[in-house]
Amino acid sequence: METDVLSRRHDEVRQGESFSPAEVLGYSSGRKFYIESYGCAMNFADSEVVASILQSSGYSATGDFTQADLVLINTCSIREKAEQTIRSRLHIFRQVKRSNPSMLIAVLGCMAERLKSKFLEEEKLVDLVVGPDAYRTLPLLIEEAEGGQQSVNVLLSRDETYADIAPVRLNSNGVNAFVSIMRGCNNMCSFCVVPFTRGRERSRNPGSILTECRNLFENGYREITLLGQNVDSYHWHSGEDGTAAVGFADLLETVAQVSPLLRVRFSTSHPKDITDHVLRAIARYENICNYIHLPVHSGSTRVLQRMNRTYTREWYMAKIRRIRELIPACGITSDIITGFCGETEEDHQETLSLMRESRFDMSYMYFYSERPGTLAARRYPDDIPESEKKRRLDEIVKLQNRMSQESNRDDLGTVSKVLIEGDSKKSASDWMGRNDQNKVVVFPKNGQHFQKGDYAFVKIDKCTGATLIGRSI
Ligand code: SAM
Ligand code: SF4
């Protein structure tokens with residue numbers, strides 16, 4: 001299966017990826033940092049901000065943690081499993097530190113607040129703990145830690161967006177890039193820890209977003225994914241210089257106008273917030289991709305209410321119909337959580353039927369993992385046995401696989417405009433890219449003079465559940 005590491009929001013393949021930037025900026029003091037990232041695309045984008053801050057203070061990157069003076073692990077708390085993985089990585093770093101005591105170990109990101117005293121004081125696993133809004137203070141915290149102090153800054157901010165920091169693109173293919181447009185989340189989905197770990201929602205200055213996108217385009221990038229936990233509630237208003245309010249649809253259009261050769265995607269949309277204004281912008285601009293990731297989480301209104309998602313099954317379905325009306329060729333994918341507190345077999349069947357009706361091209365599917373401090377953890381018992389959660393998840397995954405296969409079969413005989421991202425994983429004599437709907441397309445190079453970042457028209461001849469296979473025409 002071809003797997004694109006860049007456009008998946010919470011890509012299992014990327015978990016624990018370590019990064020080295022293509023070029024080292026600024027001066028180097030000879031000190032080296034190693035960074036490993038977990039979780040969603042926001043976290044991977046944050047690691048690029050951290051790399052930029054560290055490079056400005058003289059660090060260069062290494063992909064080998066045994067050679068590093070500073071080892072950073074950018075953490076995720078979304079599910080229990082992510083926390084377990086990070087704990088075992090910390091034990092490995094700790095072993096290396098035994099033979100190199102001056103090496104510093106830092107925990108960054110979403111786990112910082114909750115586990116700071118455990119990691120620092122009780123287990124003495126780390127030297128620094130830095131929350132997602134405190135990365136600017138890293139150089140200071142490193143100094144403190146070098147002086148033997150335990151360094152912590154987990155304060156959340158109401159306005160930090162790192163707008164002025166140019167991220168260092170890490171492990172980049174030079175074609176796709178993430179651009180963070182907002183941070184935090186004001187929704188209170190009862191299962192979700194994000195509002196507690198990443199704080200209140202705030203939008204980034206549109207001028208700085210546009211500058212970053214223009215620079216990316218000038219440096220050869222051809223696809224930008226605008227990132228936020230809830231991009232549709234992007235809102236910027238500058239009272240001082242009289243600039244009119246900028247909403248998400250306006251931002252999308254402005255970025256699309258950078259160049260018709262620049263593809264624009266975004267993630268993630270909340271069904272309650274995505275407006276006709278946004279849908280019309282997608283329909284109007286050829287380079288805003290016909291693709292929407294619209295997490296549903298459950299097909300049962302009763303469960304959705306418990307999840308505090310603020311929409312019903314019917315409301316969600318009406319939104320899907322509206323998308324297909326305004327953008328007939330739109331790819332739609334979703335997130336589903338199975339085995340949420342109190343979910344009955346009937347609720348589960350409703351999720352399966354909603355999936356069939358919505359005809360998702362792909363979904364990210366998880367079973368519910370209770371997170372300490374969330375509304376659900378406080379209000380509802382986690383009462384579905386793990387074996388039952390897994391059985392339901394299995395049914396959901398099987399259905400989605402069948403639908404993904406059908407969706408790909410519908411594309412047989414059609415022509416896709418494909419942005420080439422690089423060699424196919426299986427064979428260097430094939431190109432791999434994506435079409436407008438975010439489907440992976442593979443086709444033979446066949447002596448044609450394409451390059452990474454070029455667009456190719458590909459006639460689709462074959463498919464698997466995850467990949468379209470064709471030839472350029
Ligand atoms: N903001 C997005 C939304 O509205 O869906 C997604 C953000 S969340 C960081 C990413 C995904 O992690 C969610 O869509 C959900 O499927 C999954 N997730 C979040 N909390 C979870 C939990 N407690 N158990 C299992 N999966 C969870
Ligand atoms: Fe979590 Fe809900 Fe916010 Fe998504 S919208 S980050 S699921 S609280």
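The dialogue below takes up one feature at a time.

Tutor: Please note first that this is a predicted model, in which local features need pLDDT of at least 70, side-chain atom pairs count only at pLDDT 80 or more, and totals for chains, interfaces and linings use all residues. Residues are numbered from 1 along each chain as its sequence is written, chains are lettered from A and ligands numbered from 1 in the order in which they are written, and side-chain values use heavy atoms, with hydrogens and water left out.

Student: Which residues surround ligand 2?

Tutor: A residue is near a molecule if one of its heavy atoms lies within 4 Å of it. Around ligand 2 one finds Cys-185, Asn-187, Cys-189, Phe-191, Cys-192, Val-194, Pro-195, Gln-229, His-270 and Arg-309.

Student: How many residues of each class does the shell around ligand 2 have?

Tutor: Ala, Val, Leu, Ile, Met, Phe, Trp, Tyr, Cys and Pro count as nonpolar, Asp, Glu, Lys and Arg as charged, and the others, Gly among them, as polar. The shell around ligand 2 comprises 6 nonpolar, 3 polar and 1 charged residues.

Student: How many disulfides does the count come to?

Tutor: A disulfide is a pair of cysteine sulfur atoms within 2.5 Å. By this rule the count is 0 disulfides. Cys-76, for instance, is in no disulfide, and the nearest cysteine sulfur, in Cys-110, is 6.2 Å away. The sulfur of Cys-330 is too far for a bond, because the closest cysteine sulfur, in Cys-289, is 9.8 Å from it.

Student: Is Cys-76 buried or exposed?

Tutor: Buried means under 20% relative accessible area, exposed over 50%, and partly exposed in between, with a 1.4 Å probe and protein chains only. Cys-76 counts as buried because its relative accessibility is 7%. Cys-330 is buried as well, with a relative accessible area of 5%.

Student: Which parts does the pair of Tyr-34 and Phe-65 tie together?

Tutor: Helices (H or I, at least four residues) and strands (E, at least two) are DSSP runs, numbered from the N terminus. Tyr-34 lies in strand E2 (residues 32-37) and Phe-65 in the loop between strand E3 (60-61) and strand E4 (70-75), so the pair ties together parts that are 31 residues apart in sequence. Tyr-34 is buried at a relative accessible area of 4%, and Phe-65 counts as buried at 17% relative accessibility.

The rings of Phe-340 and Tyr-368 also pair edge-to-face, because their centres are 4.9 Å apart and their planes stand at 80 degrees. Both Phe-340 and Tyr-368 are buried. Together with Phe-191 and Tyr-380, Phe-340 and Tyr-368 form one aromatic cluster.

Student: What is the peptide bond from Ser-267 to Thr-268?

Tutor: The bond from Ser-267 to Thr-268 is cis, with omega near 10 degrees. Thr-268 is placed in the loop between strand E14 (263-267) and helix H8 (276-284).

Student: What is phi of His-297?

Tutor: Phi of His-297 is near 75 degrees, a positive value in a residue other than glycine. His-297 belongs to the loop between strand E15 (291-293) and helix H9 (301-307), and counts as buried at 7% relative accessibility. Arg-359 likewise has a positive phi, of about 50 degrees, although it is not a glycine. Arg-359 is exposed, with a relative accessible area of 52%.

Definitions and conventions:
Phe/Tyr/Trp six-rings, centres within 6.5 Å; stacked < 30°, edge-to-face > 60°.
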